[in-house]
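Hi,

Here is the structure I promised to pass on. Have a look at it first, and then read my notes below.

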Amino acid sequence: MQLKTILNRVQRHPSFVYEGVHLVEGDRPRLEVDVRARANSRPCCSGCGQPGPGYDTLGVRRFEFVPLWGMAVFLVYAMRRVDCGGCGVRVERVPWATGKHTLTTTYAWFLASWARRLSWKEVAEVFRTSWDKVFAAVEMAVEWGRAHQDLAGIRAIGVDEIAWQRGHRYLTVVYQIDEGCRRLLWVGEDRTVRTLLRFFQWLGAERSALLAFICSDMWKPYLKVIARKAAQAVHVLDRFHIMAHLSKAIDKVRAAEARELKAKGYEPVLKNTRWLLLKRPENLTEKQEPRLAELVRYNLRSVRAYLLKEDFQFFWDYVSPYWAGQFLDRWCTRTMRSRLEPMKKVARMLRSHRPLLLNWFRAKRAISGGAVEGFNNKAKLTLRKAYGFRTFRAMEIALYHTLGALPEPQVTHRFC
Ligand SMILES: [Zn+2]
């Protein structure tokens, strides 16, 4: 069987013919496949797609195809130019690649699908190509997917922020969190009022008016924009974010206390206790459990803060917003008397957002719990795996690619 036969099987283009296939020796041997236009076929204009009379023929270009037996494969073709009635003299459009890409569309989709399983650097290494080419492939896949995705029926969204560049800069991310359809919808630079306004502009007024539930953190700019752009939606303060605020407060209490104890020359009882205090009791390891029990014997500020946080977990188990509200008020009163400044700060914050907090119980059944937290972890993992993402564009593309659940075109042959 000849390679030409296989090529015609996996990727046939009616107006073009595969001619010879030859092996080019060297450090990195490669297969080159000559492609020519069928006799009497008219080139199509790359501007408007219409066939027109040929103008001239340019030098050959190489388009990288899916590698075979560890060897790079190139389609070699001399591009024609079209004398187009509407656009003037233009280079022709070829069915195996778009624009100025040197990757064939098939190869780009091949690399992009591997980039979901491996880091971009690994994909580049495995297929002996460059990071930039993998990026270009993923970018193409994301652009296609975003142009073809279905945005109908979005009822619940979650708004979240992610720190990047060691916490100096932020991204705003918006997820769809409907039961049954969860995906990343949008990524924006920064976390200002303007950032989130851009999301609503992208979503459009009609679809924004259909939103029924919005989950977010207590970050002011978000609260402001949501109230303005989707006033009809039940705005819920997300459980995951509230608990994160409490964990941060415990961390502050613990750090200050540890410094103090050390300065006064006491035993370092708080050494290596950070995770003991931040973990849920059921997640503690066998070694950690007795350590926590021992720690609780001391009447430490850190321990009191920890117990307040653990107590707050009961809040989420309520069914009725009324009784949840009663619990919240009691918890806040107790915390305000605790003389733990970071905890009091959280209590004040919770008090001032009481109605939004209680919305959690109104939305409980409609939105998928823990969805924002799940996405937050996956997004952080994506960014961590992606060394070399120094630009916003690369991060945005990586996030859409892994979390966007984007559609792909139907193809006759799947290469991977
Ligand atoms: Zn044209």
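A word on exposure before anything else: buried means under 20% relative accessible area, exposed means over 50%, and partly exposed is in between, using a 1.4 Å probe and protein chains only. This is a predicted model, so local features need pLDDT of at least 70 and side-chain atom pairs count only at pLDDT 80 or more, while totals for chains, interfaces and linings use all residues. Residues are numbered from 1 along each chain as its sequence is written, and side-chain values use heavy atoms, with hydrogens and water left out.

Let's start with the metal. The zinc ion has Cys 45, Cys 48, Cys 84 and Cys 87 as its protein donors, each through SG, at 2.2 to 2.3 Å. Donors here are N, O and S atoms within 2.8 Å of the metal (3.2 Å for Na, K and Ca); water is not among the atoms, so sites may look incomplete. Along the chain, the donor residues follow the spacing C-x2-C-x35-C-x2-C. The angles among the 4 donor atoms run from 106 to 116 degrees, and the site is tetrahedral; four donors get that label if all angles lie between 85 and 135 degrees. For reference, the ideal angle for four tetrahedral donors is 109.5 degrees. Cys 45 is buried, at a relative accessible area of 0%, whereas Cys 48 is partly exposed at 36%.

Next, the helices. Helices are DSSP runs of H or I with at least four residues, strands are runs of E with at least two, and both are numbered from the N terminus. Axes are lines fitted to C-alpha atoms, for helices over the stretch in contact, and angles run from 0 to 180 degrees between N-to-C directions.

Helix α4 (residues 131-148) and helix α16 (residues 392-403) have axes that come within 9 Å and cross at roughly 60 degrees. That makes α4 and α16 oblique to each other, because angles under 35 degrees count as roughly parallel, over 145 as roughly antiparallel, 65 to 115 as roughly perpendicular and the rest as oblique. Their crossing is left-handed, which is the term if the near helix is turned anticlockwise from the far one by less than a right angle; clockwise is right-handed.

His 401 is buried, at 4% relative accessible area. Leaving out residues up to four places away in sequence, His 401 touches Ala 112, Ala 115, Arg 116, Val 138, Ala 141 and Val 142.

Helix α2 (residues 105-114) has 8 of its 10 residues buried, including Tyr 107, Trp 109 and Phe 110. The buried residues of α2 pack against β3 (54-68), α3 (120-126), α4 and α16. Met 140, in helix α4, is buried at 14% relative accessibility. Met 140 and Trp 109 are 31 residues apart in sequence, with their C-alpha atoms 8.2 Å apart.

There is one more helix pair to look at. Helix α5 (residues 193-203) packs with helix α7 (residues 220-229) at about 35 degrees, their axes 8 Å apart, and this crossing is right-handed. On the α5 side, Val 193, Leu 196, Leu 197 and Phe 200 take part.

Cheers

Note on methods
Four donors count as tetrahedral if all angles lie between 85 and 135 degrees; four count as square planar and six as octahedral if opposite donors are over 155 degrees apart and all others between 65 and 115; anything else is irregular. Contact means heavy atoms within 4.5 Å.
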